[in-house]
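Subject: The structure I promised you

Hi,

Here is the structure for you to look through. Open it up first, and then read on for what I found in it.

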Amino acid sequence: MSAKTSGAKIGTYQVIGTRPIRHDGVEKVTGRALYGADLQMAGLLHGRVLRSPHAHARILSIDASAALSMPGVKAVVTTADFPGSGNRVADLGEGTIKVRDLCANVLAGEKALYRGHAIAGVAATTPQVASEALKRIRVEYEVLPPVMDVLEAMKPGAPILQPDLRTEDLGEKGSTPTNVAKHLRFEKGDIAQGFREAERIFEEEFKTSMVHQGYIEPHNGTALWNPGGELTIWTSTQGAFTVRDQVATMLDVPVSRVKVVPMEIGGGFGGKIPVYLEPVAALLSRKTGRPVKLLMDRTEVFEGTGPTPGTVIRVKMGARKDGRITAAQAWLAYEAGAFAGSPVVCGMMCIFAPYDVAHQLIDGYDVLLNKPKTAPYRAPGATSAAFATETVLDQISEWAGIDPMKIRRLNGAKEGTRRVDGLVYPRIGYLETVEAACGHPHWTADIEKLPSPQAHTVSTKAHRANLLHGRGVASGFWFNIGLKSSCMASVNPDGTVCLVEGSTDIGGTRTSVAMQLAEVLGISAEDVKPQVVDTNTVGYTDVTGGSRVTFATGLAAIEAARQIERQMIDRAAALWEVKPGDVEVSRGCYRLRAGGKSLTFKELSGKLSDCGGPVVTQVTVDADKHGVGCGFATHVVDVEVDADTGKVTILRYTATQDVGKAIHPAYVEGQIQGGVAQGIGWALNEEYYYDLQGRMQNSSFLDYRMPTALDLPMIEAVLVEVPNPGHPFGVRGVGEVPIVPPPAAIANAISRAIGTRLRTLPMSPARVLEAILKRSR
Amino acid sequence: MKSHLTFELNGEATETFCEPRQSLLEVLRDELKLTGSKEGCNNGNCGACSVLLDGRVVNSCIVFGLEAQGRKVTTIEGLAEGGTLHPLQQKFLEHAALQCGICTPGFLVAAKALLDVHPHPTEAQARAWLAGNLCRCTGYDKIIRAVLDAAPSASGGK
């Protein structure tokens with residue numbers, strides 16, 4: 001069989017590595033693509049959600065009677081409308097979770113645990129009536145003191161969020177009420193021995209703030225629960241199947257009763273994996289018998305959905321003067337938000353992952369506090385961890401007098417290095433990213449010769465002298481994930497192939513998956529017609545997350561293509577009245593081995609009805625079994641610090657990354673550039689800013705202040721291709737790792753510019769200025 | 001009570017009814033079912049709802065619908081002419097200048113406003129003109145390149 005099929009192997013490609021126009025492109029540049037909020041439907045009701053004004057409060061009573069008596073108000077729902085969850089637990093793909101917690105985050109139970117926590121949902125004939133109705137719902141609160149700082153929350157005597165929570169401490173259950181949900185540990189070698197081998201030990205503490213994914217499209221959800229008990233949900237989500245499973249679990253109905261239709265999604269970055277509005281819309285639809293649409297406004301997105309945690313991280317590293325790291329120890333406390341489940345374990349996996357260090361000890365804590373329940377955000381947990389490690393490594397580099405690139409070469413992980421959580425790396429490309437950064441003209445360019453964007457606004461010579469420049473380097477790691485993907489493919493008589501998949505497309509994956517199918521079949525990318533469909537129309541597919549779609553759904557598409565090719569060989573054989581073994585295929589051309597007859601894929605497609613009928617196939621893959629390729633990146637950044645104001649400007653940015661094999665290089669570059677931009681925002685000005693009562697003070701785009709086009713330079717993405725042995729074309733996930741190095745790289749650059757280090761994010765003008773003033777004292 | 005509104009929308013005389021409190025964005029999306037203009041913040045901070053009002057780029061979420069009375073409004077749906085993509089639309093596709101696509105209509109409209117005023121913008125001009133439009137996916141690199149590359153064909157070689 002393998003002798004007959006062209007298969008897929010690393011080599012020269014016709015489709016892979018090219019830059020075709022994405023299949024959904026025209027719809028998106030003409031405003032025709034339908035996102036969740038664009039849905040129109042006859043008889044549609046509009047819903048709004050009442051949210052807690054308090055960060056921590058007991059809900060004594062909810063009286064909706066005044067709201068329900070308003071003309072146009074059709075229904076109000078609260079957590080009491082969920083079926084009793086008891087102590088049910090569910091496994092929704094990321095470990096077991098208490099159903100009660102799931103429900104209580106969507107509609108608060110006995111307590112409101114953060115400002116913005118949903119309390120009740122209203123359905124009315126117009127959004128305005130629904131908004132008015134919210135004001136007429138009377139909620140009696142007993143306001144409780146909030147705890148807003150992760151270290152405070154860990155202390156005995158701190159306000160307790162969930163009275164029945166007990167710490168799971170290295171597998172043992174604690175006995176007293178606490179906010180610490182979990183204490184985990186990874187260990188490798190003998191940490192004491194490692195520190196004994198060191199000539200110098202560096203120990204530092206780092207703090208990062210809660211930040212939001214900042215997708216431009218607010219959450220939305222529309223539901224119709226028909227009288228036959230069939231529930232349909234339309235929503236912008238990273239995973240239609242996870243929405244189905246979460247909603248079915250919360251409502252205690254079989255998954256077969258829930259159909260989720262994924263609309264186009266306006267950004268997610270991890271934040272559109274949990275559900276917020278969908279179950280509320282479903283409950284409102286059940287009560288009214290009509291479709292109900294819920295939309296969030298921007299403040300609700302900030303206050304009521306899952307950001308990524310603020311953290312406190314302590315890193316202790318021992319090194320020898322020759323630059324070798326002898327020991328690495330870390331202590332990480334991550335904000336889970338109001339319910340357990342921060343990405344601290346990911347932070348622990350990633351914190352020293354780029355380095356081959358024999359002796360390691362890592363402790364991690366998952367801590368509840370009165371902030372929104374955190375959700376994944378692009379390489380969850382890894383960016384804060386890298387900020388700590390890469391800063392300490394930079395200090396070691398300065399102390400040892402060894403170039404930052406060289407110290408990474410000396411200590412970098414490679415094939416065979418065992419990561420602290422046990423995984424032994426297959427072929428990885430970390431050192432290749434260091435070499436690419438080192439060899440890039442940026443690394444050796446004279447930083448003082450860069451055009452300064454601020455210079456023209458600076459009038460005096462003295463001020464100009466206060467524009468300080470620095471170059472920083474940092475690396476990053478993300479493990480990427482595999483999980484399950486399904487697809488179906490069918491050959492059309494004109495030689496095109498319809499590809500039906502379950503992976504929602506956030507950044508061009510329809511095309512990157514279609515290109516892999518096209519490569520195997522020897523047809524063009526344009527001849528594949530990819531379509532993302534609902535949960536009743538394709539087999540189970542995990543979320544678009546973990547940098548997995550081009551890898552995992554790509555594997556499914558490759559297998560589908562191989563199956564089509566085998567069927568096409570059979571059809572050609574039937575047509576020519578020979579055995580399948582007498583037919584060979586190369587790059588989409590089917591030939592009689594003996595010669596004399598050949599048909600292109602297109603020609604053969606047109607004859608299928610004469611030789612057996614349509615060619616259709618369906619595939620499902622468990623991509624973890626194929627071998628997920630880890631992602632590594634090394635970034636170089638030049639900054640300008642205005643010593644009078646503390647403002648940091650990014651002058652030049654170069655990001656090198658091992659991408660395995662870039663299927664569509666433009667979209668790979670786009671992932672890198674976008675991740676870097678988010679990392680720059682995280683580094684310099686993004687944070688959840690709370691007052692003492694736990695009220696977010698900057699819950700608008702104006703005040704949260706993500707980077708604009710004016711804040712950034714061009715971002716050069718350098719694609720390093722070290723093929724992943726677990727994928728026929730060598731694909732590695734590329735989407736997440738680019739956000740990991742920027743805060744550390746920028747911190748290291750600022751340190752070079754001003755001669756002192758910042759260990760708190762964001763490095764806002766106030767903080768930078770404070771550091772400069774402290775230094776000069 | 002709804003008010004009568006007449007204006008020119010994408011070159012066509014248009015009339016509808018709207019409440020005085022409705023924003024132009026709501027009139028476009030909810031009354032006229034033109035959902036190409038997006039709501040990202042509803043307070044003029046993200047630019048996803050950018051439209052041209054008498055040729056000038058505005059955030060339609062902070063303009064009342066009735067302010068369009070008797071004026072000309074251009075939305076993303078009016079950018080392509082006679083089945084041909086506007087050069088900006090074509091260049092956004094060629095440069096992969098969109099990922100999720102939610103900010104794309106606003107960027108295209110704002111970029112058209114830029115090219116109408118500066119047919120051959122510098123990178124700095126493009127960045128300044130587009131600073132009112134937030135994109136969280138691309139880091140702006142490919143958007144700026146697409147806009148600069150579209151300039152010659154958008155200006156018809158002028």
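Let's start with T634(A), which counts as buried because its relative accessibility is 0%, and the cut-off for buried is under 20%. You'll find T634(A) in strand β28 of chain A, which covers residues 631-642. Its side chain makes a polar contact with the side chain of T433(A), at 2.8 Å. If you skip the neighbours within four places in sequence, T634(A) is in contact with a whole list of residues, including Y430(A), V434(A), A437(A), V473(A) and T656(A). Keep in mind while you look around that this is a predicted model.

Next, have a look at R314(A), in strand β17 (residues 311-319) of chain A. Is R314(A) buried, partly exposed or exposed? With a relative accessibility of 31%, it counts as partly exposed.

On to aromatic rings. The count over all chains is 18 aromatic pairs. One to look at is Y688(A) with Y690(A): the ring centres are 6.2 Å apart and the planes sit at 45 degrees, so this pair is tilted. Y688(A) and Y690(A) are both buried. They also belong to a cluster linked by ring pairs, together with F302(A), F701(A) and Y704(A).

Now for salt bridges. Side chains of opposite charge can pair when their charged atoms come close. Over all chains, the count comes to 58 salt bridges. Here are a few:

- E142(A) forms one with R58(A), with the closest N and O atoms 3.3 Å apart. This pair links distant parts of the chain, as E142(A) is in strand β8 (residues 138-143) and R58(A) in strand β2 (residues 57-63), 84 residues apart. E142(A) is partly exposed, with a relative accessible area of 35%, and R58(A) is partly exposed at 35% relative accessibility.
- E217(A) and K272(A) meet in a salt bridge at 2.7 Å, N to O. E217(A) is in the loop between β12 and β13 of chain A and K272(A) in the loop between β15 and α8, so the pair ties together parts that are 55 residues apart in sequence. Both E217(A) and K272(A) are buried.
- K112(B) and D116(B) meet in a salt bridge at 3.0 Å, N to O. They both lie in helix α3 of chain B, four residues apart, which is about one turn of the helix. D116(B) counts as partly exposed, at 47% relative accessibility.

Some salt bridges share partners, too: R22(A), D24(A), K28(A), E264(A), D505(A) and R510(A) are joined into one network that way.

Last stop: the place where the two chains meet. Here 46 residues of chain B are in contact with 53 residues of chain A. The area buried between them is about 4,100 Å², and carbon and sulfur atoms give 59% of it. Which three residues supply more of the area that chain B buries than any other three? They are L93(B), Q99(B) and R136(B), with 21%. Four salt bridges cross this interface. One to find is K142(B) with E669(A), where the closest N and O atoms are 2.6 Å apart. There are also 24 residue pairs in polar contact across the interface. Of the chain B elements, helix α2 gives the most to the side that touches chain A, with five residues.

Conventions:
Residues are numbered from 1 along each chain as its sequence is written. Chains are lettered from A and ligands numbered from 1 in the order in which they are written. This is a predicted model: local features need pLDDT of at least 70, side-chain atom pairs count only at pLDDT 80 or more; totals for chains, interfaces and linings use all residues. Side-chain values use heavy atoms; hydrogens and water are left out. Rings of Phe, Tyr and Trp (its six-membered ring) pair if their centres lie within 6.5 Å; planes under 30 degrees apart count as stacked, over 60 as edge-to-face and the rest as tilted. Buried means under 20% relative accessible area, exposed over 50%, partly exposed in between (1.4 Å probe, protein chains only). Helices (H or I, at least four residues) and strands (E, at least two) are DSSP runs, numbered from the N terminus. A polar contact is a pair of N or O atoms within 3.5 Å; within protein, one must be able to donate a hydrogen and the other to accept it, and residues adjacent in sequence count only if both atoms are side-chain atoms. Contact means heavy atoms within 4.5 Å. Buried area is the accessible area (1.4 Å probe) that two parts lose on being put together, summed over both. A salt bridge is a side-chain nitrogen of Lys or Arg within 4 Å of a carboxyl oxygen of Asp or Glu.
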